[in-house]
Amino acid sequence: MTRHDSPLIRLEKISKSFGSVQANQDITIDIEAGKIRALLGENGAGKSTLMNILAGTLQPDSGKILINGKVAKIFSTKNALDAGIGMVYQHFKLVEAMTVAENIFLGQKSGFFLSPARMAERVTHLGKKYGLEIDPSARVSQLSLGEKQRVEIVKLLHRNSQTLVFDEPTAVLTPREADQLFLAIRQMAKDGKAIVFISHKLGEVMEISDSVSILRKGRVIDEMPISEVTSKADLARRMVGREILLDVKKKEMEIRQRVLRVEGLSSHDLREITFDLRQGEILGIVGVAGNGQKALVEIICGLTPPPSGSVTILGQSWNKFFSGRDDGGALSYIPEDRRGLGTCLGLDMVDNFLLTTRKSFSKGPWLKKNRARKKLEDLVEAFKIYPKETSNLAGQLSGGNLQKLVLAREFFREPRLIVAEQPSQGLDIGATEELWKLLLTARERAGILLVTGDLSEALAMSDRIGVMFSGKMIDVFSVHDADKVDNIAMMMTGVGGKGIGQ
Amino acid sequence: MYRFKITKRQETSIWHSCLIFFGALAISLSFGSIILALQGKPPIGGLTYLFKGAFGDLWALEDCLIKGLPIFLCSIGVAIAFRLQVWNIGAEGQFAMGSIGATWLALVFPDQPQYLLLPGMMGASMLAGALWGLIPALLKIRMRTNEIIVTLMMNYLAIYILDYLVYGPWKDPTSFGFPMTAQFSPGAILPMIGNTRLSLGLWLCIFFGIAYWVFFRFTRLGFELKASGENMKAAKYARIPYNTLVILVMVMGGALAGTAGFVESSANLNRLQPSIMAGYGYTAIVVAWIARLNPLFIALASFLLAGLRVGVEHLQLDLQVPAAFGDIMEGLILLTVLASAFFEKYRIGLRKPA
C-alpha cells in the first residue's frame with residue numbers, strides 16, 4: 001500500500017477484555033489525516049479502553065495498530081508519543097513548579113543546553129499559529145485550568161504529534177475558551193493532523209467533527225459522516241438506541257423550609273459568600289472551574305471547617321451538624337472526584353455502596369452485608385450499572401458507571417440536602433437524562449446545590465443560579481431573569497453582576 | 001534484542017499465589033545457604049540441619065508452637081493497625097508492658113486462687129499493653145506525631161522499665177543476683193493442655209484469630225476500619241471518625257501484644273526476666289506483612305518464623321553459626337516475599353525485538 005491510500009492510523013480488529021468484561025471487541029476505526037473524528041458512546045462502551053490502547057497504556061488482547069499502513073508496535077506511552085500519537089487528558093500531567101516553556105520542552109532530546117529565549121520563541125510561535133497563546137515564562141501553578149490545557153496541547157504540537165486525541169476537552173473551559181479551542185482544533189486539522197474528539201456534549205460533536213464513530217458495549221455499531229446526522233436528537237438516538245430529549249419538565253414547586261444558609265463565609269479561596277437554599281429548589285452554582293466552588297463544597301459537606309462566617313445546615317450550626325458520627329442520611333454529597341473521594345477503588349461494589357449507607361444496614365455492631373448486596377443488585381438494575389456483578393471492585397468500573405454507583409448510593413439515602421458537584425461529567429447522554437430526572441424527583445423533598453461547569457445543565461435544572469468568580473458569589477438570580485441569564489458568560493469572567501461592573 | 005514485557009494479570013488463583021510464596025521462600029533460603037557457605041559452613045547441610053532442628057521431631061514442633069504463640073498474638077495486634085495504615089511497630093514495647101502488668105498482679109496477690117488470678121493477670125496485661133498503644137495514638141491525633149517513631153521509642157521505654165523492675169524492686173532476693181523476679185505461685189501459671197508443653201495460650205490465640213476475622217468481616221466497625229485504610233479521604237467523606245479508629249486500633253493492638261506478654265511470662269518463663277524480650281514484637285511485623293494481614297496466614301507465618309528461630313538455635317549450638325543468622329534470614333524472607341507480590345499482579349514475558 002502506498003502512503004496515500006491508507007489512513008494515517010488504522011485500529012484493526014482491536015479486542016480487549018478485563019476478566020469477564022469484554023471492553024473492546026473487534027474494533028476497526030480509521031483515523032485520517034486532516035479530519036476530525038468524534039468518538040461517541042455510552043458510559044462503559046469502551047472509549048477509554050480504546051484510547052488507552054492507542055496511547056500505549058494498555059495492550060490489546062488481539063488486533064493491531066497500523067500507522068500509514070504499517071504495523072506499529074506500541075507497548076508504552078513513550079512508543080505512542082514517538083509514533084506521533086498525543087493525548088490531551090482531562091487531568092493534566094504538568095510540573096506545577098516549572099514554567100510553561102520548561103514544561104513544553106521537558107523530557108525531550110534537544111541538546112544539553114536549552115536557551116530560554118529560543119524556548120519562548122517556539123512556544124509563542126506555536127501559540128500564535130493555533131490561537132493558543134500562553135505566556136512562556138508563567139509558572140504552571142499560576143495558570144487556570146483552561147491555560148493548563150493549552151500547555152498540554154502546545155506540548156504535543158511542539159513534539160510534532162500527528163494524531164491528537166482530546167478526551168472531553170471542554171469540561172474545564174468557559175464558553176469562550178471552548179470556542180478558541182475549536183478554532184485551534186480546526187487549524188490543526190487543516191495542517192493535516194488527525195484528530196480524535198471524545199465528548200458527551202452532542203452539540204460540540206455536531207459542530208466540530210467530520211465524522212462520528214459510535215461505540216456500544218465494546219463494538220463499533222455505527223459510523224457516518226457528520227453530514228448524515230440531522231440533529232442532536234438523531235445523534236443521541238443512534239448512540240443510545242432510543243429517543244432522548246433532554247428537555248426536562250420542571251414541576252412548579254412550593255418552596256418550603258430552609259435547608260442551608262451560608263453567611264459571610266470567607267476562607268483562603270472564598271470571599272464573603274452569602275446565600276441560602278430551601279427545600280424544593282435547585283440552586284445552580286456556575287463558574288469556571290477553580291473559582292472557589294470546590295472550597296465552598298468542601299465546607300458545606302464537612303470536609304473542612306468554615307474559617308469565618310457561618311454555615312447552617314438543616315437548622316444546625318456547622319459544628320453541631322458535623323459533630324455526630326452520622327447525619328442520619330440527611331446530607332448527600334456527590335463529589336466531582338469520584339475515584340479519590342467518593343469511593344474506595346480497592347473495595348468491591350457492595351462495600352462502596354455501604355460507605356455512606358452503612359447505618360441503614362447495621363444492627364448493633366453487625367453489618368448486614370447480604371441485605372446491602374440484595375438492595376444494591378436492585379439498584380444496579382435500576383441505574384443500569386455495568387458490569388452487573390456486585391463483587392467487582394469499584395476500580396474496575398468505567399468512570400461513568402462508577403458515577404452511577406455513587407448516584408445510586410446517594411439517592412438511596414433520601415437526603416434533605418444534596419450537594420452535587422459536576423454530577424453529569426463523564427456521564428453519557430442517556431445517563432445524564434436519568435440523572436436530571438433523579439434530581440428533579442429529589443427536589444420534591446430536598447434542597448439541591450448543583451455545582452456545574454455545564455451552563456446548559458445549570459439552565460435546565462436550576463430554579464436559581466449563582467455565578468462564582470475568584471472566590472466571590474458575583475450574583476444569585478432566578479433562571480427566569482432573562483437579562484441576567486444572558487449575562488452569565490460575562491459574569492463568569494468577573495464582569496457585571498451586582499454592582500461589580502468594570 | 002529481546003526485551004522484557006510486563007503485563008497485568010487479570011485473575012489470580014490461590015495455587016498461583018502459593019507457588020509464588022514458596023518460590024520466594026526458596027529464593028531466600030538459597031541466599032541463606034550462600035551466607036552459610038561464606039562462613040565456611042556446609043550450605044545445604046546447614047539448611048537441612050535448620051529444618052530438622054525446627055520441624056524434625058515432636059519436641060521441636062512443640063517448640064515452634066510455643067514460640068509461635070506470642071508472635072501470633074503480637075502480629076494480629078499490629079495487623080489491625082496496619083489495616084488502617086497506621087504503622088504500629090510498638091508491639092515489642094506493648095508486649096513488655098503486658099508482661100509487667102501480669103507480673104505485678106502475680107507478685108502482689110500470689111495467694112489468690114487460679115480462677116481469679118489468671119483472668120486478673122490477663123486483664124492487667126491487656127490494660128498495660130493498651131495504655132502503651134494509647135499514648136502514641138493520642139500523640140498522633142492531637143499533635144500529629146509520627147506513630148512509627150513514637151511507637152519505636154516507646155519500645156525502648158518499656159524495655160528499660162522492665163529492666164529497672166527486675167534489676168531493682170522486683171528482683172528475687174534468692175536469685176543469687178540474677179535479674180529476675182521470684183517464680184510465680186502455681187495459681188499464676190497458665191495450665192498446660194494435656195501432657196504437652198503447650199499452654200492454654202493456644203486457645204487464646206485461636207479465639208483472637210477468629211475474633212479478628214469476624215471483626216473485619218461482619219462488623220460495622222471492622223468495615224469502617226477497612227474502608228479508612230483503603231482510602232482515608234473517602235472515609236472522611238463518609239464521615240467515618242478516623243481519629244477514634246486510630247485510638248481503637250492502637251488500643252486493641254496494645255491489648256493483644258500485652259496478652260502475649262502475659263502468656264509468655266506466665267506459661268513459659270513462670271517469672272519476669274530480661275530474656276523475655278526475644279524480639280517477638282518485631283518478628284510479628286514481618287509476619288503480618290508476609291501474611292498480608294490475613295489471620296490464617298498470620299498463624300502459618302508465625303509458626304514458620306518461630307520454626308526459623310528454633311532451627312537457628314540448633315545451628316548455633318551445633319555448627320556455631322552466629323545468632324544473627326536468624327535475623328538475616330527473617331529479613332531475607334520478608335524482602336523476597338514482599339518483592340514476589342509483584343509477580344502475582346503482573347506477568348513478565350519476552351517480547352520480540354521492535
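In what follows, helices are DSSP runs of H or I with at least four residues, and strands are runs of E with at least two, numbered from the N terminus. On that basis, chain A of this predicted model holds 18 helices and 22 strands.

Along the principal axes, its C-alpha atoms occupy a box of roughly 70 × 55 × 45 Å. Of the 502 residues, 47% are buried. Among contacts in chain A with a separation of 6 or more, 68% join residues 24 or more positions apart.

I turn now to the domains. The assignment for chain A places domain 1 at 9-240, domain 2 at 257-330 + 415-502, and domain 3 at 340-414. Between the C-alpha centres of domain 1 and domain 3 of chain A there are 33 Å. These two domains do touch: five residues of domain 1 of chain A meet six residues of domain 3 of chain A. On the domain 1 side, two of the residues are nonpolar, three are polar and none is charged.

Finally, the interface between the chains. Chain A contributes 28 residues to the contact and chain B contributes 21. On the side of chain A, the elements giving two or more residues are α11 (338-342), α12 (349-357) and β18 (366-367). The largest share, four residues, belongs to α12(A). By class, this side of chain A comprises 13 nonpolar, nine polar and six charged residues.

Conventions:
Residues are numbered from 1 along each chain as its sequence is written. Chains are lettered from A and ligands numbered from 1 in the order in which they are written. This is a predicted model: local features need pLDDT of at least 70, side-chain atom pairs count only at pLDDT 80 or more; totals for chains, interfaces and linings use all residues. Domain bounds come from an automatic or database domain assignment. Two residues are in contact if their C-beta atoms, placed from the backbone, lie within 7 Å. Ala, Val, Leu, Ile, Met, Phe, Trp, Tyr, Cys and Pro count as nonpolar, Asp, Glu, Lys and Arg as charged, and the others, Gly among them, as polar. A residue is buried if 20 or more other C-beta atoms lie within 10 Å of its own, exposed if 12 or fewer, and partly exposed in between; C-beta atoms are placed from the backbone.
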